[in-house]
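Okay, thanks for having me. Let me put the sequence and the model up, and then I'll walk through a few spots.

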Amino acid sequence: MHTIRAARRTAALAGAAALLAVLPGNAHAASPRFSGTTAIGTHNAYDKAKYTYFAQALDSGASLLELDVYVDSITHRWRVSHSNPFGDNNNCEAAKTPAELYSKSRDQDLGSCLDNIAAWNQLHPDHPPIVFKVEMKVGFNDRAGMGPDEFDTLVSRKLGSSVYKPADLLGGSYDSLDAAARADAWPSRDSLKGRFLFELIPGTVEQSNPFDHYWTDEEYGDHLRDLYAAGNIPAAQAFPAVLGAENGDPRAGRYDASIRPWFVFFDGDAASYVNGGYDTSFYSANRYVLIMTGADGVSPAISSTAPTDAEVAARLALLAKDHASFITSDWSAKPAAVLGSVTARG
């Protein structure tokens, strides 16, 4: 079985390489920048109904995988689940080595998901970059010792140098992520082989909580600003995202001016962006990362679970022209050669 999975992953890498080889204007370039491509992601990749093991989600070829995380302030565990804040319900397994993958007990916490990622990374050290979209369902609880610092510590301890961090984008040359992105300081995709990026978004429970006025995006934005001011920005492991499709610059009406430059990830509904006629060139012109969710819902709508390969390819091309960096849907059943597709961003 492992040989089959490895062969599928190799096929996905070959397919992605073939697509990149024909990117417009890329005839003499070794590799396009991360900011110049559009790839495919899978919604709720931790769901056992989609992948038996999280390592299979990594095998899938998808360039973005989603994890839903609950802060359990009683047990001080980072729970991974869709709807249970006090228990784990997911395909992450109690596996810390490559030999243990695809065989251990599931329903583990975020630390084990990260262990799985680290073990899988040993098997595939040259994989294309993968973004982990982490929805903090109820937000952080810094008072209980489960805030941004503790999240950073966990990710760093488990994944170390395989994480591409905000400090890597700054490179010692820029004073904010915004400045670095607008200068297109993003590395090439080839130089990101074997690396992971983390995107943080506020969760559905957090957003519906009338007593929570300090959501994940703002809290982590403050965290980045303060770390940079203290000369400790290398500690940060994630990029906070501006959640929700809007026209224009959505940072302006949401955040204090001091943290606006620390947002270069944007995440919203594809149909709202496209069917609403929003000017999404704003994102590609500034080299921001734009994640378009629910890609199947853009007119004309296609299946959210079982579109044809041709429909996925057409949707990828369409949303690439609309300046998406990643498009996502529930296409986990598609083969790696499809989910691993990467094309030029408009």
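Which residues does T38 touch, not counting residues up to four places away in sequence? Before I answer, keep in mind that this is a predicted model. So, T38 touches L316, A320, A324, S325, F326 and I327, and then S341, V342, T343, A344 and R345 as well. T38 itself sits in strand β1, which covers residues 37–42. Buried or exposed, then, for T38? T38 counts as buried, because its relative accessibility is 0%, and the cut-off for buried is under 20%.

Next, another buried one. A295 is in the loop between β8 (289–293) and α11 (309–321). With a relative accessible area of 0%, A295 is buried too. If you leave out the neighbours within four places in sequence, the contacts of A295 are A270, R315, L319, I327, T328, S329 and W331. I327, by the way, was also on the T38 list. For a sense of distance, take A295 and N121: they're 174 residues apart along the chain, and their C-alpha atoms are separated by 28 Å.

While we're in that loop between β8 and α11, P300 is there as well. The peptide bond going from S299 to P300 is cis, and omega is near -5°. If you're setting up anything from these coordinates, that's the bond I'm pointing at.

Okay, helices. How do α3 and α4 sit relative to each other, parallel or perpendicular? Helix α3 is residues 110–123 and helix α4 is residues 148–159; their axes come within 9 Å and cross at roughly 30°. An angle under 35 degrees counts as roughly parallel, so α3 and α4 are roughly parallel to each other. The crossing of this pair, α3 and α4, is right-handed. On the α3 side, the contact is made by L110, G111, L114, D115, I117 and A118, and on the α4 side by F151, L154, V155, K158 and L159. Sorted by class, that α3 and α4 contact has eight nonpolar residues, one polar and two charged.

Now α4 again, with another partner. Helix α8, residues 216–229, packs with α4 at an angle of about 75°, and the axes are 10 Å apart. That makes α4 and α8 roughly perpendicular to each other, because the range for that label is 65 to 115. Here α4 brings P148, D149 and D152, and α8 brings E219, Y220, H223 and L227. By class, the α4 and α8 contact has three nonpolar, one polar and three charged residues.

Last stop, loops and backbone angles. I74 is in the loop between β2 (64–72) and β3 (77–80). At 69% relative accessibility, I74 counts as exposed. I74 and G172 are 98 residues apart in sequence, with 39 Å between them, C-alpha to C-alpha. The loop between β2 and β3 also holds H76, which has phi near 60°, a positive value in a residue other than glycine. H76 counts as partly exposed, at 44% relative accessibility.

And where does Y102 lie? That one's in the loop between β3 and α3. Y102 is not a glycine, yet its phi is positive, about 70°. Y102 is buried, with a relative accessible area of 13%.

That's my tour, happy to take questions.

Conventions
Residues are numbered from 1 along each chain as its sequence is written. This is a predicted model: local features need pLDDT of at least 70, side-chain atom pairs count only at pLDDT 80 or more; totals for chains, interfaces and linings use all residues. Side-chain values use heavy atoms; hydrogens and water are left out. Helices (H or I, at least four residues) and strands (E, at least two) are DSSP runs, numbered from the N terminus. Buried means under 20% relative accessible area, exposed over 50%, partly exposed in between (1.4 Å probe, protein chains only). Contact means heavy atoms within 4.5 Å. Axes are lines fitted to C-alpha atoms, for helices over the stretch in contact, and angles run from 0 to 180 degrees between N-to-C directions. Angles under 35 degrees count as roughly parallel, over 145 as roughly antiparallel, 65 to 115 as roughly perpendicular and the rest as oblique. A crossing is left-handed if the near helix is turned anticlockwise from the far one by less than a right angle, and right-handed if clockwise. Ala, Val, Leu, Ile, Met, Phe, Trp, Tyr, Cys and Pro count as nonpolar, Asp, Glu, Lys and Arg as charged, and the others, Gly among them, as polar.
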